[in-house]
Structure formats: structure tokens, C-alpha cells
Amino acid sequence: MELLADTSKYDEYESNATFIGIVCIMDPIRPEVPKSIQDCQTAGVRVIMITGDAKNTAANIAQKAGILNSGSAIRNAGCVFTGAEFEKMSPAEKKRAVGGQDGKVFARVEPAHKRELVKVLKEEGQIVAMTGDGVNDAPALKQAHIGVAMGITGTEVAKSASDMVLADDNFATIVDAVKEGRAIYSNMKAFIRYLISSNIGEVLSIFFTAMLGIPEGFNSVQLLWVNLVTDGPPATALGFNPPDVDIMTRPPRGTNDALLNRWTLIRYFTIGFYVGFATVGIFVYWYLYAETGDGHTLISFY
């Protein structure tokens, strides 16, 4: 250590040396990453790799992870850029560079480049999730729709700038979170639609009896029973359904997709009309025509 402290003698120490060899160090890809990347691509989630590594190194790792297609020709196909190349592009060229459905790789990037990448993606109407662990990732993490910081290796700055922190620093956990989020949304949609269709039937059954001038088919206790027993438990069960088998093969829903669109409302109003009409019809039939042998008196409609 004392020899290294004197920088003026570095030329002397490095003269007349004998070359022995080169030591190469590689940070291997986790075994679960290629499968997770493939799941993202199947689910319609684009994966963009942003790194400080050299361009060739980044392209090679991206190919092994499955972000890029195999083959060296892909490096010249508009999928791999350096931060400096991206910075020199015009706004239209930047949009083309981040656009498309293929994976992208951006190497030798600086914090400003990361932030600009997130900005361009948002301008294109994309929902952006940014992952990072260092202080230089904080601006992009903050600007993204959802910032994901590493909980083990991440800095406190990155964690505070993020919306979510991974406890295991595993990319596969993000994919699992996407799957769980889709399952929650699907169950919530089924829960709400079931309640709407069943309650429309109850409302219309009361409306039809009032319109026809006949006694109400349900009293308050019966309505309460229907809501608590025949509506509540099935709707609650729908909210705890396991994820569908094909949930990660469906394309992502749009940001403007409504939970209840016009077709859905028409469909469930039709179902509600059928339920209400059938309930009142059976109620009227019972008193007018049903000879069940229980001794009730048949009466006329009037």
C-alpha cells in the first residue's frame, strides 16, 4: 500500500512488466429472468433495458435474457442505442427509437438520459414502470407512473423516490405483481357487475308491481334477505376467485377503458329486466293460475 501511495512512481512500477493474463468478471443472469421476460412479452408488457454498460455488453446480456432476439444483426436494427446517440436524436427520432413492440436496449446512459426516456414513453401514451437502485435512478423513478426500487441493494434516495420497493430485488416479483393486479381487477369487475345485475332485477320487480297496480312481491324483510344472503356471499366469493389461467396472455387494458361501458350496461339491464319480469310474472301466476294443492284461493287479476 505504501508503494501505491506514491503516484509519481507508477510509470516505474509498470515498466518492464510481464503479461500473465486477463481476469474477466461476469454478473450472471438469474435463472428465473428469461422466463419472466417471456411472460411479460406474452402479456403485452414491453421490457426495455437501460444500463451503464457498454453497448456490445448490454446487447449480449439482453439477448441472453430474451429482451432481444438472438443474432448480431439485431444490433443494427434500431433496437440498441447509447445514451449519447439517443441524446442527439430529434423528438421524432426519439419516439421511433422507443416505439414498436420489440425489446429495446439503451447503453452508456446517464441520469438525464433515463429521465428523457421515461418522458418520451409517457408522451407516447405508455404506462411506464421504472426500476432502479441507485441515486442516479431517482429522477426517472420519480417521473415514471410507478417507480420500483430494489429493497436490498437500493439506496435510500431510490427507495424514497419510488412507489414500490422490492423486498427480494427480483424481476420475477414484478411479473407476479402484474399478474396479481390483473386478477384483482378482474375479480373486482365480476363483483361489481354481479351486484349491479342482481340489484337491477330487484328494483325492476318493485317497479313492475307498482306499474301494474298489484301488491308488492317483496316486503322489506324479504328484500333485506335477498341482499344479504343471495347477493352478498356470491359476490364476495367472486372477489376471491383465483387468477384465470390465461390472465397473462391477454393484452393490457387501455388507460381509458371503463369498468362499465355502454354494452355492459345494456347487457345487465337486459338481464335485470328479465329477472324483474320473471319474478313479477311468477308472482302473478301463483295467485291466478297455480293449482299446487296447497289450498290457496285462485283470484282474477282485477
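Two strands pair if DSSP finds at least two bridges between them. Helices (H or I, at least four residues) and strands (E, at least two) are DSSP runs, numbered from the N terminus. The views below come from a predicted model, in which local features need pLDDT of at least 70, side-chain atom pairs count only at pLDDT 80 or more, and totals for chains, interfaces and linings use all residues. Residues are numbered from 1 along each chain as its sequence is written, and side-chain values use heavy atoms, with hydrogens and water left out.

View 1. Strand β2 (residues 80-82) pairs with β3 in the parallel sense over three bridges. Thr 82 stands opposite Ala 107 in β3. Strand β1 (residues 48-50) is also joined to β3 in the parallel sense, over three bridges, and Met 49 has Val 105 in β3 as its bridge partner. Together the three strands make an open sheet in the order β1-β3-β2, with parallel pairing. β1 and β2 are at the edges and have a single partner strand each, so one side of each is left without a neighbour in the sheet. From one strand to the next, the twist averages 15°. Helix α6 (residues 91-98) packs on this sheet and touches β2 and β3, its direction making about 120° with that of β3. Such angles run from 0 to 180 degrees between N-to-C directions, and axes are lines fitted to C-alpha atoms, for helices over the stretch in contact.

**View 2. Side chains of strand β3.** In β3 (residues 104-107), Lys 104 and Phe 106 point one way, Val 105 and Ala 107 point the other way, and all are buried. Buried means under 20% relative accessible area, exposed over 50%, and partly exposed in between (1.4 Å probe, protein chains only).

**View 3. The sheet β4-β5-β6.** Three strands form an open, parallel sheet in the order β4-β5-β6. Its edge strands, β4 (129-132) and β6 (164-166), each pair on one side only. Neighbouring strands are turned by 25° against each other on average, direction ignored. Four bridges link β4 to strand β5 (residues 146-150) in the parallel sense, and Met 130 has Gly 147 in β5 as its bridge partner.

**View 4. Helix α3 against helix α10.** Helix α3 (residues 33-42) and helix α10 (residues 171-212) pack at an angle of about 30°, and their axes are 9 Å apart. That makes α3 roughly parallel to α10 (angles under 35 degrees count as roughly parallel, over 145 as roughly antiparallel, 65 to 115 as roughly perpendicular and the rest as oblique). Ser 36, Ile 37, Asp 39 and Cys 40 of α3 meet Phe 171, Ala 172 and Val 175 of α10. The residues of this contact divide into five nonpolar, one polar and one charged. Ser 36 counts as buried at 5% relative accessibility. Leaving aside neighbours within four places in sequence, Ser 36 is in contact (heavy atoms within 4.5 Å) with Phe 171, Ala 172 and Val 175.

**View 5. Helix α10 against helix α11.** The axes of α10 and helix α11 (residues 220-239) come within 8 Å and cross at roughly 160°. The two helices, α10 and α11, are therefore roughly antiparallel to each other. Residues in this contact include Phe 191, Tyr 194 and Leu 195 of α10 and Leu 223, Val 226 and Pro 234 of α11. Over the contact of α10 with α11, the residues divide into 10 nonpolar, seven polar and two charged. Ala, Val, Leu, Ile, Met, Phe, Trp, Tyr, Cys and Pro count as nonpolar, Asp, Glu, Lys and Arg as charged, and the others, Gly among them, as polar.
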